[in-house]
Amino acid sequence: MTDRPTPLSTQDLHALLDDPRVQLVDVRPIDAYNGWRLRDEARGGHIRGARALPAKWSEYLEWIEIVRAKEIRPDHTVVVYGYHEDETERVARLFGRGGYERVRVYHDFVDGWCADDRLPMERLPRHRHLVPPEWLKAALSGETVSEHDGGRVVLCHAHYRNRGDYEQGHIPGAVDVDTLLLESPETWNRRSPAEVRDALRALGITAETTVVLYGRFSFPDNADPFPGSAAGHLGAFRCAFIMLWAGVKDVRMLNGGLQSWIDAGYDVTTEEGERRPVEDFGAEIPGAPELAVDLPEAKEILAAPDKNLVSVRSWPEYIGEVSGYNYIEKKGRIPGSVYGDCGSDAYHMENYRNLDHTSREYHEIDASWKRIGVTRDKHNAFYCGTGWRGSEAFFNAWLLGWPRVSVYDGGWFEWSNDPSNPIETGIPEWARS
Amino acid sequence: MGPVVTGAGDGRRPPPLDAVQDEIVAEMGGLEDAMARYEYLVRLGRALAVPEVGIRTDEHALAGCQSRVWMRGELRDGRLHLAADSDAMITRGIIALLLRVLDGRPPREVLEADLYFLDRTGLRTHLSPSRANGLGAMLQRIRSYAEASAGE
């Protein structure tokens, strides 16, 4: 490959768009891909059919493995585009080094493609609820920011019984939220409406507040007594779900959690964020009861043809090799549940995240769900052991704008506690062939 | 599980630990991009000596790794001798680096080592979380061998 590949024109690219031998690659930040207009472009999102491969990922040792996992093949003509020519060309060169012989670049995305309404683009429907660090920084400093109607922003650093995680460094202005404020350690379900109301009031959150949540991923080890204490960002998804259920209208996640903030070059602080409690939540809790499913409804879902109970657990848990938790004894799966593979264990969500902990390219999540029959026309209730992983998967479906999504809150913990509930173990029939 | 203690030593003395780390940092620092670093690790992985038969057993398997990893530590003549293997070439490459730095050293030196090369080469920061987790599991296992040996 030459050092400076000849750029395609907008017209050339448009003509190639539906050619199956061509694969578009978007090297802008994942948030731009999802729909954020980070350069004030006329339209947010990505060129239809493009795969997300942010230039940031080319720092990772396994860059070529990510490319292969996305099924970008050496026999494809790869067309790379981004915000900056140098970044685009750097990734294009990397493809050349990786054995891709037909690599082209497109440099007119903002002025040529976005500006022309006739050219097809796609975006994550609820992308404004998955925020980039740049937006958060601007919003916290009181600037008028895009995709926000104004009003108070409460930033929550989530953790599980690990205030030290917050104290060792958090985003300036963040308050700490122990997941135990919102979920009960007896059932691991969401707390009662009155308890959730009191917790939200103490945090200064009303139904109208914009809440942004994040956590820190610090390599949870399943052999630790409290692995959840190291899975802060997963805990943040759990809190986001409970707040949505409670009726907070504008709940957002910092895409990638604390890692994204640090990667963006922003400082963390040890200075305690100020809590400004409010008198009244301002609405009845739960404001969105349909987002949570309990045992009787979970059973109805299992029996209904247009509904799925999606097990967001790991394979060893699903086949009953392990329970997944040091406080759950029984092993196995709920018969009839659909396997929504979380990744390696109860505290990891590799299959729902990019390698920098940002939420996985939404087309990939959508495609993996489609393969197991989890589609937007159905009611999909996600569950895991006690609700954290189920909440993260739920949030992804909710971001897609799916109309009927919920968390089966009780999950395996509740199901397996009642001996009258059936349990299956072993490799299921569909996986044997 | 503690390390196997045997009387056979090969008499080999490794160079100073930090010198080896600096050497790796310089080698990897000279690589221009992620593909070059990937190829470097794959090359090291291919060149890693295959441990004698018997290491790929449950007894030596590590949990927490994306690919399968087996590891064994033996104390010989006051030094910790490590052997490891993986079914993934890039992981074998990472193993090769760990062994280059830590193999054949007194357990105390292993325990006290500040492994700065992992950060300076991006090995810790620019690995996928599951591989980084695996790297952590390998380091932990090496540490536990060293701890068990240090008291002997």
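How many residues of chain B are in contact with how many residues of chain A? The legends below start with that interface. This is a predicted model, in which local features need pLDDT of at least 70, side-chain atom pairs count only at pLDDT 80 or more, and totals for chains, interfaces and linings use all residues. Residues are numbered from 1 along each chain as its sequence is written, while chains are lettered from A and ligands numbered from 1 in the order in which they are written.

**View 1. The side of chain B that touches chain A.** In this interface, 18 residues of chain B are in contact with 17 residues of chain A; two residues are in contact if their C-beta atoms, placed from the backbone, lie within 7 Å. Helices (H or I, at least four residues) and strands (E, at least two) are DSSP runs, numbered from the N terminus. The most comes from H6(B), with 6 residues. By class, this side of chain B has 8 nonpolar, 7 polar and 3 charged residues. Ala, Val, Leu, Ile, Met, Phe, Trp, Tyr, Cys and Pro count as nonpolar, Asp, Glu, Lys and Arg as charged, and the others, Gly among them, as polar.

**View 2. Chain B as a whole.** Chain B has 6 helices and 3 strands, which follow the pattern β-α-α-β-β-α-α-α-α along the sequence. Of its 152 residues, 38% count as buried. A residue is buried if 20 or more other C-beta atoms lie within 10 Å of its own, exposed if 12 or fewer, and partly exposed in between, with C-beta atoms placed from the backbone. Among contacts in chain B between residues at least 6 apart in sequence, 69% join residues at least 24 apart.

View 3. Helix H1 (residues 17-29) and helix H3 (residues 89-102) of chain B pack at an angle of about 150°, and their axes are 8 Å apart. Axes are lines fitted to C-alpha atoms, for helices over the stretch in contact, and angles run from 0 to 180 degrees between N-to-C directions. H1(B) and H3(B) are therefore roughly antiparallel to each other. Angles under 35 degrees count as roughly parallel, over 145 as roughly antiparallel, 65 to 115 as roughly perpendicular and the rest as oblique. On the H1(B) side, B:Leu17, B:Val20, B:Gln21 and B:Ile24 meet B:Leu97, B:Arg100 and B:Val101 in H3(B). This contact has 5 nonpolar, 1 polar and 1 charged residues.

The axes of H2(B) and H3(B) come within 7 Å and cross at roughly 80°, which makes H2(B) roughly perpendicular to H3(B). Residues making this contact include B:Tyr38, B:Leu41 and B:Val42 of H2(B), and B:Met89, B:Ile90 and B:Leu97 of H3(B). By class, the contact of H2(B) with H3(B) has 10 nonpolar, 2 polar and 2 charged residues.

View 4. Strand E2 (residues 69-76) and strand E3 (residues 79-86) of chain B pair in the antiparallel sense over 8 bridges; strands pair if DSSP finds at least two bridges between them. B:Met71 stands opposite B:Ala84 in E3(B). E2(B) and E3(B) form a hairpin with 2 residues between them, and B:Asp77 in the turn has a positive phi of about 50°. In E2(B), 6 of the 8 residues are buried, so this strand is largely enclosed by the rest of the structure.

View 5. E13(A) pairs with strand E17 (residues 405-408) of chain A in the parallel sense over 2 bridges, and A:Tyr408 in E17(A) is the bridge partner of A:Val293.

**View 6. Domains 2 and 3 of chain A.** Chain A is assigned domain 1 (7-123), domain 2 (128-287) and domain 3 (290-431); the bounds come from an automatic or database domain assignment. The centres of domains 2 and 3 of chain A, taken over C-alpha atoms, are separated by 23 Å. Between them, 29 residues of domain 2 are in contact with 26 residues of domain 3. On the domain 2 side, helix H9 (232-246) and helix H10 (258-263) of chain A are the elements that give two or more residues. H9(A) gives the largest share, 9 residues.
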